[in-house]
Amino acid sequence: MDYPVDFRCPISMELMQDPVTISTGVTYERKNIEKWFFSYKKKTCPTTMQSINNFEITPNHTLKRLILSWQNEEAARSRDSLKHDELVSLLAAMESTPFKVSSLRKLRTNIAESGHEVKDDFVKCGGIDILVQIIAQILVESLDFAAFTACEEALGVLHICLISLSDDEKIIQFLSKPESIKSFAMMLQRGSAEARFHAVAIFRQLARADYNWKKFVTQDQGFEFFRSLLELVSDDQICSKASASALELLTDILGTSKRSRLKAVEAGAVCILIELLPDSSRSKCEKMLLLLKLLCECAEGRQALVEHGLGVAAISKKLLHVSSAATKITVKILWLICFYHPSERVLEEMLIYGSVNKLFALLHVDNRSSTKEKVVKIFKLHANSWRQYPCFPCELKDYLGSTN
């Protein structure tokens with residue numbers, strides 16, 4: 001290796017490990033200068049040949065730190081060079097052989113243990129394009145076990161890359177190709193728990209990049225896509241991370257268009273969410289209520305909720321019992337139902353399951369808010385219908401009487 005001249009010992013011309021300075025100001029490797037003075041009994045400086053009376057040697061800590069820093073930089077450059085050669089070799093192997101799994105696993109380990117430089121190098125070498133091609137093979141070789149396993153491994157590599165390179169427009173373009181989207185959706189339906197989590201994570205990256213879901217979710221595959229996401233939401237045991245990510249992804253997609261909500265309703269989203277709601281944690285409950293609110297913004301979603309035997313009961317139970325955010329969302333759902341689907345059965349269930357009492361409690365909140373305004377509108381619309389029931393709260397009768 002070509003060492004910097006200042007890092008070499010003037011006696012041996014080798015890289016110094018323990019540099020020390022003598023009285024003439026020249027620095028040497030400790031063992032070399034000690035041998036010069038004490039073994040050879042020399043009384044001169046080896047470099048300047050000046051006579052020396054003071055044989056004291058002083059460690060040169062500054063130079064030692066500089067040498068160590070240079071060595072670390074050189075080692076890093078050497079590792080990156082080896083990584084590059086290995087990357088090129090692995091990518092070439094994946095393109096030339098049908099047996100890709102072992103190369104993909106090695107690639108996944110290397111990238112996971114490396115920094116941004118190696119990931120950037122992987123992208124520059126065309127790695128993302130190769131991964132997408134491998135994943136797309138599942139569309140034509142869906143029954144081939146080797147192709148399916150290779151697809152799962154490629155998804156894993158892609159997920160690692162996206163964690164640090166999520167804003168790369170070129171990567172997003174590769175992922176947005178129709179064959180890529182279809183392949184990810186197939187892995188979401190049929191992959192292992194880990195592969196399904198990776199597929200959801202990739203879809204979430206696309207959502208953050210403002211991917212246009214309209215065309216995809218309105219096609220025939222949109223129904224199966226929503227079914228797969230709802231299956232993940234329903235079963236934490238498949239993968240808890242995937243379940244939480246699926247909820248977030250559904251929120252991202254359903255917020256984009258009415259057509260996506262219609263497809264989700266067709267896939268049974270309303271029924272599944274209502275049945276999951278009673279036993280869900282606080283954070284999940286808020287997300288599920290938000291999804292129900294989005295679904296109830298279309299007529300089909302509202303209809304599915306009121307026709308479900310537990311629809312009004314499940315919503316009523318969460319009012320005032322989860323969080324202020326959940327209460328706000330729940331009032332919006334009840335308002336949509338009361339305005340568009342005020343059947344006698346729905347109004348009766350709201351009274352029986354406690355919605356009316358809880359809405360009345362919200363009237364006593366001092367501050368003006370859109371939530372309180374919706375509650376007032378609900379009572380203006382249906383108070384007369386509720387008065388006829390013997391379980392109608394007396395204090396609410398008095399309140400309504402005083403406001404008329």
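This is a predicted model: local features need pLDDT of at least 70, side-chain atom pairs count only at pLDDT 80 or more; totals for chains, interfaces and linings use all residues.
1. The largest nonpolar core. This core holds 112 residues, and the members that touch the most other members are Phe 122, Phe 203, Trp 213, Phe 225, Leu 305 and Leu 359. Helix H6, residues 145-165, gives the most to this core, with 10 residues. A second, separate core has 17 residues, including Cys 9, Leu 15, Tyr 28 and Ile 67. As general background, nonpolar side chains in soluble globular proteins tend to be buried together.

2. The surroundings of Phe 122. Residues up to four places away in sequence are not counted here. Phe 122 touches Leu 87, Leu 91, Leu 107 and Ile 111, and also Gly 127, Ile 128, Leu 131, Val 157 and Cys 161.

3. Helix H8. This helix covers residues 178-190, which is 13 residues. From its first C-alpha to its last, H8 reaches 18 Å, close to the 18 Å expected at 1.5 Å a residue. Among the buried residues of H8 are Ser 180, Ile 181, Phe 184 and Met 187.

4. Helices H20 and H21. Two packed helices are described by the angle between their axes and the distance between the axes. For H20 (residues 355-363) and H21 (residues 370-387), the axes come within 10 Å and cross at roughly 135 degrees. H20 is therefore oblique to H21. The crossing in which H20 passes H21 is left-handed. On the H20 side, Val 356, Leu 359, Phe 360, Leu 362 and Leu 363 take part in the contact; they meet Lys 372, Val 375, Val 376, Ile 378, Phe 379 and Trp 386 in H21. Leu 359 was also named in point 1 for its contacts in the largest nonpolar core.

5. Helices H16 and H18. The axes of H16 (residues 299-307) and H18 (residues 324-340) come within 11 Å and cross at roughly 95 degrees. H16 is therefore roughly perpendicular to H18. Arg 302, Leu 305 and Val 306 in H16 meet Ile 333, Leu 336, Ile 337 and Tyr 340 in H18.

6. Two residues with positive phi. Most residues other than glycine have a negative phi. Met 13, which is not a glycine, has a positive phi of about 65 degrees. Met 13 lies in the segment before strand E1 (19-21) and is partly exposed, with a relative accessible area of 42%. Met 49 likewise has a positive phi, near 60 degrees. Met 49 is found in the loop between helix H1 (30-39) and strand E3 (58-59). Met 49 counts as exposed because its relative accessibility is 52%, and the cut-off for exposed is over 50%.

Terms used. Residues are numbered from 1 along each chain as its sequence is written. Side-chain values use heavy atoms; hydrogens and water are left out. Helices (H or I, at least four residues) and strands (E, at least two) are DSSP runs, numbered from the N terminus. The expected span of a helix is 1.5 Å times one less than its number of residues. Buried means under 20% relative accessible area, exposed over 50%, partly exposed in between (1.4 Å probe, protein chains only). A nonpolar core is a set of buried Ala, Val, Leu, Ile, Met, Phe, Trp, Tyr and Cys residues joined through side-chain atoms within 4.5 Å. Contact means heavy atoms within 4.5 Å. Axes are lines fitted to C-alpha atoms, for helices over the stretch in contact, and angles run from 0 to 180 degrees between N-to-C directions. Angles under 35 degrees count as roughly parallel, over 145 as roughly antiparallel, 65 to 115 as roughly perpendicular and the rest as oblique. A crossing is left-handed if the near helix is turned anticlockwise from the far one by less than a right angle, and right-handed if clockwise.
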